[in-house]
Amino acid sequence: MSRLKWVPLAYPGSTKLDYTIALSGLVHISSARITWGYFGTNPLYIQSWSLMGRNGVGQPWVTLAQGGFPNSNTTGLSLDFLATDLRVVASASHWIGIYDLQINVPVSLQNLAVSANMQEVPNTAFGPAANLVDGNPSTRAYPGSGSLDYTLDPGQAAYIEAVHITWGDFGINAGGAHVESWRVLGLALDGLNWEVIAQGLFPASAKTIVSVQNRYRKLRVAAESSNWIGIGEVQVVGNALASALAGPLTVRSNVPEDPVYSLAWRYQAANLMDGDPSTLAYPGAKHLDYQVALGTQTRLSQAVVDWGYFGTNPAYIQSWSILARSGSNQPWVTLVQGAFPGRAITVVSLDYTATDLRLVADGTNWIGIYELQLEGVPLQ
Ligand SMILES: [Ca+2]
Ligand SMILES: [Ca+2]
């Protein structure tokens, strides 16, 4: 799960606020939640706001999200940005403040089981497989071989954001024992097929970061050399995926589904949550609005949205949000919102008790969603 960073913000005594927050180095921000308190629910206060980020002092500020009157206590944002600093700007017709800004940072998966897929020399001078994930880059998995191959098992399906491999000297020592080729593989969720996620030759770097952005059941890191080599540490960044909420969940489209381009092509609303990431929910419109009846009050903890190419090709989804309500007579509350996803799968953490949920998106062309997985606990 994500680590929360709490950055308390003060009340500046002004109709404008402009705060800059220095992060601890370059941090990948996957989501943020701004707590406005009553400044966000009373229209006397916040009229407009924006959240910006930059990836170094002297670099330009990039607008990550913006909006008008929030009409909510909190605004949740799905982001994908490497930042050293964040900045929140807002303006109002009265004095305003912000209660809190939380950011979620993808963190290392814990409790990874690691095993060697080759013979390890039983000698204390060598480093066992466990050294790969002991959190210490100076302790090596060093099998006494020029060929190494380790499996890392999170124990369940996981969304893998990235794999960080610390080679140490074996990544930079071109004149001595060094990695001559390497591969990272992922075991697909079917448990049968290993896919090559990335591969390379001599890293020429003490560390290699492999961007993954996909779901896998297990990972494997392998390397070859004509000399004995090892790996100091492998860090897997991502989110463990709990099992999806069990049904019966009913999904309906609040946008009329086109009789030809949606229904006749079997792109009906039920495909949104049929558990199959190959079946598409596609209303035949630039706007989609799918509503899920959870059947009972449910404490929602996470959503996994499978956009497919609608999330990676900028010709499609431009903005999206997840809304929820805690009863049919209760107002819809925006839990999280985002711009162009820039990725095929978005994972967002939620913290809300709801009876119904909506996934809304807008595009410049007709758009669809392959799958929505919700995680949470029914309360009744
Ligand atoms: Ca280690
Ligand atoms: Ca589906």
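Guide: A strand here is a DSSP run of type E with at least two residues, and strands are numbered from the N terminus. In this predicted model, Ile29 belongs to strand E2, which covers residues 16-35.

Visitor: Why is Ile29 called buried?
Guide: The cut-off for a buried residue is 20 or more other C-beta atoms within 10 Å of its own. Ile29 has 22 C-beta neighbours inside 10 Å, and therefore counts as buried.

Visitor: Which residues does Ile29 touch, leaving aside those up to four places away in sequence?
Guide: Ile29 is in contact with Gly53, Leu79, Phe81, Ala83, Ile103 and Val105. As for Ser78, which is 49 residues away along the chain, its C-alpha atom is separated from that of Ile29 by 8.8 Å.

Visitor: What makes E8 and E9 a pair?
Guide: Two strands pair if DSSP finds at least two bridges between them. Strand E8 and strand E9, the latter spanning residues 147-153, are joined over four bridges in the antiparallel sense, so they pair. Within this pairing, Ser115 has Thr151 of E9 as its bridge partner.

Visitor: What makes E8 and E12 edge strands?
Guide: The open sheet of five strands runs in the order E8-E9-E14-E11-E12, with antiparallel pairing. Strand E8 (113-116) and strand E12 (194-201) each pair on one side only, and they are its edge strands. Neighbouring strands in this sheet are turned against each other by 15° on average, with direction ignored.

Notes: Residues numbered from 1 in each chain as written. Chains lettered and ligands numbered in written order. Predicted model: local features only at pLDDT ≥ 70, side-chain atom pairs only at ≥ 80, totals over all residues. Axes fitted to C-alpha atoms, helices over the stretch in contact; angles between N-to-C directions. Buried ≥ 20, exposed ≤ 12 C-beta atoms within 10 Å, placed from the backbone. Contact = placed C-beta atoms within 7 Å.
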